[in-house]
Amino acid sequence: MELLIPHHYERRVLRRPYAQWPDSVLRAFEHLNPKVYIPMQGPSELGTHGKLAQWDRRADLPRIQVPTLTIGAAHDTMDPQQMAAMAKALPRGSHLHCPNGSHMAMVDDQVVYIQGLIDFLRRVDAQTIREDP
């Protein structure tokens, strides 16, 4: 963790010094269940080596019929281009890109994240109203 925090977490998970992470984020990390997380992710944060390494549901995306928002950020641990491609594969998919965010864009690119989420919900609500008999 001595190396992961400054060289990975502060660059890809939440883009601010660890000492400035909000209490809510720190509490969430304190409650991660290693009995579940490690078998899924693997022992290292620098690559997936657990059960998720071979888990691929891309072929199922065209079957998801509900409005779905994927969110990717420029500094995310997940490839933002993959998040955008996932949205295109969904019949009712939308993508939100957070240009200043990381994996926790809801914290470090909060204005873009929240406005994008609100806009998506408004679009879905407007569609639902039109679709109701």
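**Entry 1: helix 4**

Which residues of helix 4 are buried? I started there, keeping in mind that this is a predicted model. I found that Pro80, Met83 and Ala87 are buried in helix 4. Looking down the axis of helix 4, I saw these buried residues fall within an arc of 55°, so they line one face of the helix.

Next I turned to the face pointing away from that buried side. There I noted the exposed residues Gln81 and Lys88. I also looked up what covers the buried residues of helix 4, and the cover includes strand 1 (68-73) and strand 2.

**Entry 2: the largest pocket**

I went looking for empty space next. Rolling a probe the size of a water molecule over the atoms shows where such space is left. The largest pocket came out with a volume of about 1,400 Å³. I listed 39 residues in its lining, and Gln41, Thr48, Thr77, Met78 and His103 lie nearest its centre.

Helix 4 (80-89) turned up again here: helix 1 (4-13), helix 2 (23-30), helix 3 (34-41) and helix 4 each supply at least two residues of this lining. What kinds of residue make up the lining of the largest pocket? I sorted them into 24 nonpolar, nine polar and six charged.

**Entry 3: confidence**

The protein chain averages a pLDDT of 92, and 97% of the residues score at least 70. Among the elements of the chain, strand 2 (residues 93-98) has the highest mean pLDDT, 98, while helix 3 has the lowest, 88. A reminder to myself: where pLDDT is low, the predicted coordinates should not be read in detail.

Notes: Residues are numbered from 1 along each chain as its sequence is written. This is a predicted model: local features need pLDDT of at least 70, side-chain atom pairs count only at pLDDT 80 or more; totals for chains, interfaces and linings use all residues. Side-chain values use heavy atoms; hydrogens and water are left out. On a 1 Å grid over the protein atoms alone, a cavity is a set of points where a 1.4 Å probe fits but cannot get out, and a pocket is an open set with protein on both sides within 12 Å along at least five of seven lines; lining residues have an atom within 4 Å of a point. Grid points are joined across faces, edges and corners, and a volume is the space filled by probe spheres set on the points. Helices (H or I, at least four residues) and strands (E, at least two) are DSSP runs, numbered from the N terminus. Ala, Val, Leu, Ile, Met, Phe, Trp, Tyr, Cys and Pro count as nonpolar, Asp, Glu, Lys and Arg as charged, and the others, Gly among them, as polar. pLDDT is the predictor's confidence in each residue, from 0 to 100. Buried means under 20% relative accessible area, exposed over 50%, partly exposed in between (1.4 Å probe, protein chains only). The arc is that of the directions from the helix axis to the C-beta atoms. Contact means heavy atoms within 4.5 Å.
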